[in-house]
Amino acid sequence: MSSIEIKSGFPECQTCSCKKDGIFAHCALEELEVITSNKSCTTYKRGQAIFQEGNKPFGIFCLTEGKVKITKIGSEGKEQIVRFAKPGDTLGYRALMSDTRYSASAIALEECKACFISSHDFNELISKNYLVAKDMMRMLSNALADAENSLAHLATKPVRERIAEALILLMRMYGKPNEKQFSISLSREDLASMVGTAKETAIRFLSELKDEEIISTHGSNITILNPDELVKISQMYD
Amino acid sequence: MEIAKDYLLELIRKEGIVAAYDPQEVLFHKGEVPEFLFYIRNGTVVLIEASDPVHPVAQFSMGNLIGVHELITGATYRFSAITEISSSLMMMNKDRFEDLFQHDVTFRMSVVKLISSEMTGMKGSYE
């Protein structure tokens, strides 16, 4: 009989999306069995922190469901969204391996599920499996390269273009292959934080896009009706 | 972190080769496939974009390592590297680096910790 305890509602590591393209892609079956049996799994409500900036890491998190924003507190005490995480992403490994505190917070944008793997188990894995270490380094490197095209570059464009690009970015990150229209529930504060503008400005430009029937809104929900037009707007000043 | 770096440097000193560079000499060009890990014994190396050589992207000096990322990930260099002043570097061959990374657990963990630490606060590496 298998000694693996099945965590209800959470995937086994052997079949999880975190394994496919991420840090655990080159793990042996026995290694995944150990992780599965030792990990803890948590459901986070919208707005709940998975970890907080400034706290000490004790392990890593694998996001299995939901959308997460990664935020930093700026010099004026304002929250700034620096990137987003999606199911399959691993969070917190850099802080853990460098023995430093988290330099950002991970906050659930909607109900999320994440598995926590302890520092001990993760260090064991890296020390015994050099391919896992390589995959981790590759992920760090990709994150740095992606940052060149990330939100930080939005600052040089006009706000309307930045909002269009931010919506496209979200669609590319969270959109599903067969869905006809992309929708996301995102507060106006979060959208404003993404593009580095005031909430009122974000609302004004969203209204413009809505009037032009490029998007529709319902409460905090934003639906992209005309992605091609949105792409054109985002590239207007390129 | 100092322990991790010390172990790395000890190995590089034992196994690397010393190379002297004149000012404005190129270590590698953007787009090239990495062949060495570089350790700066003294001097200064800057990373530059070909389109804007006047404003370096990054600067490295005594005690810094250059090229670990590219060696591990197999990526080509994203920037060119040139010496600002006369510099002395130690170079470890890529094959030896990979061999150590694969078989020497202490070396591997040292590299992982060092790279993770050097990325702290860098854009794109927030957690």
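Over all chains of this predicted model, nine aromatic pairs are counted, where rings of Phe, Tyr and Trp (its six-membered ring) pair if their centres lie within 6.5 Å, with planes under 30 degrees apart called stacked, over 60 edge-to-face and the rest tilted. The rings of A:Phe61 and A:Phe116 are a tilted pair, because their planes stand at 55 degrees, with the centres 5.1 Å apart. This pair links distant parts of chain A, since A:Phe61 belongs to strand E3 (residues 59–65) and A:Phe116, 55 residues apart from it, to strand E8 (residues 112–118); strands are DSSP runs of E of at least two residues, numbered from the N terminus. A:Phe61 is buried at 8% relative accessibility, while A:Phe116 is partly exposed at 22% (buried means under 20% relative accessible area, exposed over 50% and partly exposed in between, with a 1.4 Å probe and protein chains only). Both rings belong to one aromatic cluster, formed by A:Phe51, A:Phe61, A:Tyr102 and A:Phe116.

In chain B, B:Phe28 is buried at 5% relative accessibility, and B:Phe38 is buried at 2%. Their rings have centres 5.9 Å apart and planes at 40 degrees, so this pair is tilted.

Charged groups also meet rings in chain A: the charged end of A:Lys67 sits over the ring of A:Tyr174, 5.2 Å from its centre (NZ of Lys or CZ of Arg must be within 6 Å of the ring centre and within 35 degrees of the ring normal), and A:Arg204 lies over the face of A:Phe205, at 4.9 Å from the ring centre.

Residues are numbered from 1 along each chain as its sequence is written, and chains are lettered from A and ligands numbered from 1 in the order in which they are written. Local features need pLDDT of at least 70 and side-chain atom pairs count only at pLDDT 80 or more, whereas totals for chains, interfaces and linings use all residues, and side-chain values use heavy atoms, with hydrogens and water left out.

Methods. Helix = DSSP H or I, 4+ residues; strand = E, 2+ residues; numbered from the N terminus.
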